[in-house]
Structure formats: structure tokens, C-alpha cells
Amino acid sequence: MTMRPCAFDERINRQSTNSLKWDTLRDVFGREDLLPLWVADMDFPSPPEVIEALKEKAAHRVYGYHVRSESFFQSVVEWFGRRHNWPIEREWVALTPGVVPSICLAIQAFTSPGDGVVIQSPVYPPFFRCVKENGRRIVENPLRQVNSRYEMDFDDLAAKLDEGVKMLVLCSPHNPVGRVWTEAELRRLNDLCCERDILILSDEIHCDLVFQGHRHTPFAALGAEAAARTVTCVAPSKTFNIAGLNTSFVIISDEGLRRRFRQVMLSLSLGEGNLFGVAASEAAYRHGDAWLDALLPYLEGNADYLTRYVSERMGELDIVKPEGTYLGWLDCRRLGLRPAELKRFFVEEAKVGMNDGLTFGQPGAGFARINFGCPRELLVEGLQRIEAALRRR
């Protein structure tokens, strides 16, 4: 398992930079001597064009109110046409301050207190909070494992969609299990939801991070019927590692849905955007293709390294190579540890900070999410720490 030199191999010190991933270890895990492989941002520098755009904006020295140019919105339109063969129109795009806020806004706009909202666990933890804190009812449609691969449980979903459900939150590609849903799977999901007039809120923030042999299909691109009932949440934040700039987009083709969403945004005085986030996003979408084309093989190489290492050297653990994202879903159930004991094992014995699987819902008990969006040297160090802790047991 040798490593080849690469631009993404550079180790950048993120400590003492107010990094959530690196500077909150004591608060989150109770100790500071951990290798953080948790929060879903990458330890790579953003594309050079993004860095230059931010430098240019900072060099101006006046950071007053700004307007968002048509060029900015057109860069979004062109990116999704170019990278995903999804022809969207300028008026469909609304600027939002993050995908999680967008999900909350959509829940407020399109559902009422007490309505059921489906989430497919194990899934990104804020989905639970977005539903619950807005007074809606969580309806879980757990994914099922078939030969260690996760699939949607359509029979369970069909039964639960009839329980006062108004919305389904789709995670595509899926965080944390790494599935890139096939067009056939999405069409079957669309058929079930269309029959019952269920709105699809599609979180596609990882849409650009898909590995060879797989293809992301925007849910709204399935056809006019799907588009008329879909609100799509996207952002450049995961792709280009600019999550701290809090810039995202909602894409809605249906005029009525768009009007309702914009009204909720207006009521909260949202949508002005961040001066630096706007500059970085346009630079990324206009000039980031080559950087992304170099990033994807590196991430897939990390995914391959991770799955081989676990398979060959950690007999007690299992992992299936993700089809996209930079997140691995580590199956630790054969260790026979309760969730609290498993968390303690990784923190106290392996000294690695990973996301506790239980935070992704009850089906995540016995799992941990590992972030491999880092220089391979860091990934190797983390895996060696885990292996050594397993051997000591």
C-alpha cells in the first residue's frame, strides 16, 4: 500500500484556526490528543482560482453591501448543465445560507405542524433536528442492507407514506452510507411519491463527488412530473471545501413552489448572501473543473486504501467502498460493544475522533463514520491507530 506524491498530499496545519474539526476535540470527545476524522469537510486547500478570487475581494478593502450579479447565477446554471447534463434556468435558482437552513426553510414552506416527514436512516443527523425542531413528525424509512449494500426499503416506504406524510427528505448521494442512487431506484421512489402527491426535498450537496462506474442523477431531472414536486438543495461547499463561507442554492422549477419558498425566505430577510461566499462560489463553478477532476481520483484512491486496509488488517470490522462522497461507513458490530463502549474504544484506545453511528439514527448503532477527505498520510495514521487498538484488545 504505497502512496504516490500528489498535490493533495500536503498536510496543512488547521489547529488554532477556529476549525470545528480540529479545535473542538476536547469539547466533543473529551480529549485533545485525537486524530480528527469526523466533520465532513476536507483537509485540502480549495482550488487556486477560489483562493485568488477571495484574495482579490479582500484586497479591495471595502466590504459593504453588495448585489449578486447575473454572472454569479449563470455560473450555477452552467455548472449543472456541464457536469450533470441538467438544464436549469436562472429563475429557478435561489441563494441560501446553507443546505441545512434550506431544509428548514422548505419544511416551513411546504408542510404544517404535525405533518409527517420521511427520512431514510441511517442519515445525516441534522435531518432529524430540522424536522423535530420545526414541529413536524419524523417518519423513519430505514434503509436495508442486502449483501452489505444499502438499498431503499420500498415496501416499508409505501406503507409509511400513507401515514399523513407530506414530504420525503432524500439524501442523494447518501451520507453516511455512500450510495449513489441509480436512476431506476429514483424512478421507483418517484412513482411512490407521485401517487400520493408527496414533495421530495432532495439534498444533493455531494452530487459532484461520485466515483468511477457511478453517475449522479438529479431527482428533478427525472422528468416534468418529478420536477413539479421537487425542491433541490445544492452547494459548492463539499465539492470545493468552502463550507465556512455558508453559500448554497435551492433549485425549484415549479413556479408555485418557488413562490412559496421565496416568501418564507423573505419573511426571515434571508437570501442576500455573503460577499466572499458569492465570489468563491462563482470562481469555483467557472474555473473548478480541472481541480475537481484531479480531486476525484485521489478521493477514490483513499476509499480504495480504506476498504483494503480494513478488509486485510481489521478482521473485526467491515466496510463497503462508498460509491461517492468522502465518507466511509465503518461496521463495528462484530466487536460486540454497546454504542457508548464503541465510542469510548475509538476515543480512549484508538485516539481517533470519528462520528458516532448512533447519531445517524438507531440503525447506525454499532457503526462509525470516517472522513477520508484528507492527505493519505493522515488516513494511514488513523487506520494504524485503530489497528493497534484492536490488537491490544
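**Close-up views of a predicted model**

**View 1. Aspartate 331 and its opposite residue.** Aspartate 331 stands opposite phenylalanine 367 in S14. The model is predicted: local features need pLDDT of at least 70, side-chain atom pairs count only at pLDDT 80 or more, and totals for chains, interfaces and linings use all residues. Residues are numbered from 1 along each chain as its sequence is written, and side-chain values use heavy atoms, without hydrogens and water.

**View 2. Strands S11 and S14.** S11 and strand S14 (residues 367-371) run antiparallel, joined by five bridges. Strands pair if DSSP finds at least two bridges between them. Strands (E, at least two residues) and helices (H or I, at least four) are DSSP runs, numbered from the N terminus.

**View 3. The open sheet.** Three strands form an open sheet in the order S11-S14-S13, with antiparallel pairing. Strand S11 (327-331) and strand S13 (355-356) stand at the edges; each has a single partner strand, so one side of each is left without a neighbour in the sheet.

**View 4. The setting of the sheet.** The protein has 15 helices and 14 strands. Its C-alpha trace spans about 60 × 55 × 40 Å along the principal axes. Of the 393 residues, 57% count as buried (under 20% relative accessible area, 1.4 Å probe, protein chains only).

**View 5. Contacts across the chain.** Which share of contacts between residues at least 6 apart in sequence joins residues at least 24 apart? The share is 74%, with contact meaning heavy atoms within 4.5 Å.

Notes
Buried means under 20% relative accessible area, exposed over 50%, partly exposed in between (1.4 Å probe, protein chains only).
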